[in-house]
Amino acid sequence: MVGHRFSVPRFEGVSQEQFIEHLYPQRKPLVLEGIDLGACTSKWTVDYLSQIGGRKEVKIHVAAVAQMDFISKNFVYRTLPFDKLVQRAAEEKHTEFFISEDEKYYLRSLGEDPRKDVADIRKQFPLLEGDIKFPKFFKEEQFFSSVFRISSPGLQLWTHYDVMDNFLIQVTGKKRVVLFSPRDAQYLYLSGSKSQVLNIDNPDLAKYPLFSKARRYECSLKAGDVLFIPALWFHNVISEEFGVGVNVFWKHLPSECYDKTDTYGNKDLTAASRAVQILDRALKTLAELPEEYRDFYARRMVLHIQDKAYSKNFE
Ligand SMILES: O=C(O)CCC(=O)C(=O)O
């Protein structure tokens with residue numbers, strides 16, 4: 001049995017002022033309909049993308065199964081020219097393949113040098129730039145990256161969080177997105193920024209009993225929809241058909257809060273990483289104590305953290 005379920009609210013024809021003044025401050029996911037995204041939603045067919053997107057090599061995830069798992073790494077990284085990737089992702093069975101004739105593909109586009117450069121489809125795919133407009137709901141200087149998300153039909157991307165605010169623009173195809181609040185992290189069996197629970201629709205509750213307590217927010221995206229994913233909200237994405245998405249990350253906090261080496265938008269804020277390191281040192285120190293004392297002081301430290309650091313403002 002999976003616990004509470006909510007639909008992500010949808011808003012049609014929202015103005016910049018309405019979004020910034022009323023919707024954004026709630027910091028909850030929502031779907032925007034009827035935003036001017038340019039011609040991409042009608043123009044970006046498989047043929048058009050293959051021709052205009054070009055033959056640039058892209059690094060892709062390739063999996064024999066639809067449910068990709070970052071923790072066990074049940075996929076391999078390969079490269080393909082962009083046009084071939086688009087063609088292969090759009091077909092169910094392949095005559096040319098890496099692992100199997102029904103393998104699944106996933107593209108998360110990267111910067112020129114992924115260790116140093118962030119993805120910006122306007123730079124990596126300049127001939128497509130004129131087709132897409134990003135929602136003008138944040139300041140230009142807050143822009144961080146724009147990322148192609150191209151998936152085979154059926155592909156499911158593991159539940160994870162990012163540290164930046166995000167507009168996930170569904171350009172073509174259909175996608176189901178399930179989100180979980182950052183406040184429910186304790187029920188998601190995290191390994192780093194990813195949840196170990198892959199099968200969110202039919203979870204193994206013997207292995208993950210607390211998962212049923214996680215509140216689940218769900219939406220279906222169709223071409224032209226824009227999903228606002230606030231920073232830290234967990235999301236799991238199921239492509240119901242071949243589709244092209246672009247997501248735009250932006251910095252809603254001062255630049256110095258973010259890790260300067262982060263080119264993906266998913267490294268923890270520098271102060272959070274420092275706090276985690278200090279906690280690891282505290283845990284090593286606690287380990288010097290006999291069990292009875294370690295347990296007692298560990299419980300007191302948890303209470304202290306709850307008292308001093310938990311927000312009283314969230315439900
Ligand atoms: O749409 C997708 O394929 C994944 C989107 C995602 O993970 C993101 O926008 O952060």
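How do the residues of the lining of the largest cavity divide into nonpolar, polar and charged? Hi everyone, let's work towards that.

A quick word on ground rules. This is a predicted model, so local features need pLDDT of at least 70 and side-chain atom pairs count only at pLDDT 80 or more, while totals for chains, interfaces and linings use all residues. Residues are numbered from 1 along each chain as its sequence is written, and side-chain values use heavy atoms, with hydrogens and water left out.

Now, the cavities. Rolling a probe the size of a water molecule over the atoms shows where empty space is left. On a 1 Å grid over the protein atoms alone, a cavity is a set of points where a 1.4 Å probe fits but cannot get out, and lining residues have an atom within 4 Å of a point. Points are joined across faces, edges and corners, and a volume is the space filled by probe spheres set on them. Searching the whole structure turns up two cavities of 30 Å³ or more. The largest holds about 120 Å³. It is lined by 13 residues, and the closest to its centre are Tyr-106, Arg-149, Leu-157, Leu-168 and Val-237.

So, the opening question: the lining has five nonpolar, five polar and three charged residues. Here Ala, Val, Leu, Ile, Met, Phe, Trp, Tyr, Cys and Pro count as nonpolar, Asp, Glu, Lys and Arg as charged, and the others, Gly among them, as polar.

Next, the ligand. A polar side-chain atom of His-160 lies 3.2 Å from a ligand oxygen. For Asp-162, the side-chain N or O atom is 3.0 Å from a ligand oxygen, and for His-235 the distance is also 3.0 Å.

Last stop, Ser-151. This residue sits in strand β7, residues 143-151 (strands are DSSP runs of E, at least two residues, numbered from the N terminus). Ser-151 is buried, at 1% relative accessible area (buried is under 20%, exposed over 50%, partly exposed in between, with a 1.4 Å probe and protein chains only). Its side chain makes a 2.9 Å polar contact with that of Ser-239.

Key:
Helices (H or I, at least four residues) and strands (E, at least two) are DSSP runs, numbered from the N terminus. A polar contact is a pair of N or O atoms within 3.5 Å; within protein, one must be able to donate a hydrogen and the other to accept it, and residues adjacent in sequence count only if both atoms are side-chain atoms. On a 1 Å grid over the protein atoms alone, a cavity is a set of points where a 1.4 Å probe fits but cannot get out, and a pocket is an open set with protein on both sides within 12 Å along at least five of seven lines; lining residues have an atom within 4 Å of a point.
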